[in-house]
Amino acid sequence: MLKSLTILLAFQALGELLSFALFPSIPGPVLGLIALLVFFFIKGGVPADIQSTANVFTANLGLLFVPAAVGVVVFWPVLAEFGLVILMTLLVSVVVTLTGTAWLLDKLAARFMPGEVSEGGKNE
């Protein structure tokens with residue numbers, strides 16, 4: 001299992017390196033998964049040791065939700081008292097962010113792409 005974990009972590013590190021050096025707009029783990037997929041194609045399939053390690057991870061994937069559940073349980077009294085305020089704050093912040101982003105995009109598009117974007121967002 002140590003060998004397969006080392007291989008998986010090496011591909012993640014390779015992905016981070018590729019992301020940093022060549023493709024900064026693509027997340028490192030995504031590039032690492034692509035490199036791992038290419039490795040599997042070259043190898044002709046998934047090696048048995050990596051398959052068994054992956055099975056252990058996927059069998060225990062639910063454990064990743066434990067910290068979030070613990071946070072909800074620990075802060076339940078706060079959520080019960082301020083839940084409506086938190087929900088309203090989240091909704092208002094989402095609406096303000098989307099509206100501000102759309103307004104800024106409209107202004108930038110009108111400035112940097114004149115003639116390509118007409119009033120109301122329709123093409124000419």
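In the predicted model, helix H1 and helix H3 (residues 48-59) pack at an angle of about 80 degrees, and their axes are 9 Å apart. The two helices, H1 and H3, are therefore roughly perpendicular to each other. On the side of H1 the contact is formed by Lys 3, Ser 4, Leu 5, Ile 7 and Leu 8, and on the side of H3 by Asp 49, Ile 50, Thr 53 and Phe 57. Sorted by class, the residues of this contact of H1 with H3 comprise five nonpolar, two polar and two charged. Lys 3, which lies in helix H1, has a relative accessibility of 58% and so counts as exposed, the limit for that class being over 50%. Although Lys 3 and Ile 50 are separated by 47 residues in sequence, their C-alpha atoms are 8.4 Å apart in space.

The packing of H1 against H2 was examined next. These helices, H1 and H2, meet at an angle of about 125 degrees, with 7 Å between their axes; H1 and H2 are therefore oblique to each other, since an angle of 65 to 115 degrees would be needed for roughly perpendicular and one over 145 for roughly antiparallel. The crossing in which H1 passes H2 is right-handed. From H1, the residues that make the contact are Leu 8, Phe 11, Gln 12, Leu 14, Gly 15, Glu 16, Leu 18 and Ser 19, while H2 provides Gly 28, Pro 29, Leu 31, Gly 32, Ala 35, Leu 36 and Phe 39. The residues in this contact of H1 with H2 are divided into nine nonpolar, five polar and one charged.

Leu 18, a residue of helix H1, is partly exposed, its relative accessible area being 26%. When residues up to four places away in sequence are not counted, Leu 18 touches Phe 23 and Leu 31. The C-alpha atoms of Leu 18 and Gly 28 are separated by 6.9 Å, and these two residues are 10 residues apart along the chain.

Aromatic side chains were considered as ring pairs. A pair of aromatic rings is described by two quantities, namely the distance of the centres and the angle of the planes. The count of aromatic pairs comes to two. In one of them, the ring centres of Phe 11 and Phe 39 are 5.2 Å apart and the planes stand at 45 degrees, so the pair is tilted. Phe 11, at 15% relative accessibility, counts as buried, whereas Phe 39, with a relative accessible area of 25%, is partly exposed. Phe 39 also pairs with Phe 40: the centres of these rings are 5.9 Å apart and their planes lie at 50 degrees, so this pair is likewise tilted. Phe 40 has a relative accessible area of 15% and is therefore buried, as the limit for that class is under 20%. Phe 11, Phe 39 and Phe 40 together form one aromatic cluster.

A further helix contact joins helix H4 (residues 66-74) and helix H5 (residues 76-112), which pack at an angle of about 65 degrees, with their axes 4 Å apart. That angle makes H4 roughly perpendicular to H5, because the class covers angles of 65 to 115 degrees. In this contact, Val 72, Val 73 and Val 74 of H4 meet Trp 76, Pro 77 and Leu 79 of H5. By class, the contact of H4 with H5 consists of six nonpolar residues, with no polar and no charged ones.

Technical notes. Residues numbered from 1 in each chain as written. Predicted model: local features only at pLDDT ≥ 70, side-chain atom pairs only at ≥ 80, totals over all residues. Heavy atoms only, no water. Phe/Tyr/Trp six-rings, centres within 6.5 Å; stacked < 30°, edge-to-face > 60°. Buried < 20%, exposed > 50% of the residue type's maximum accessible area, 1.4 Å probe, protein only. Axes fitted to C-alpha atoms, helices over the stretch in contact; angles between N-to-C directions. Parallel < 35°, antiparallel > 145°, perpendicular 65-115°, else oblique. Left-handed = near helix turned anticlockwise from the far one by under 90°. Contact = heavy atoms within 4.5 Å. Nonpolar A, V, L, I, M, F, W, Y, C, P; charged D, E, K, R; others polar.
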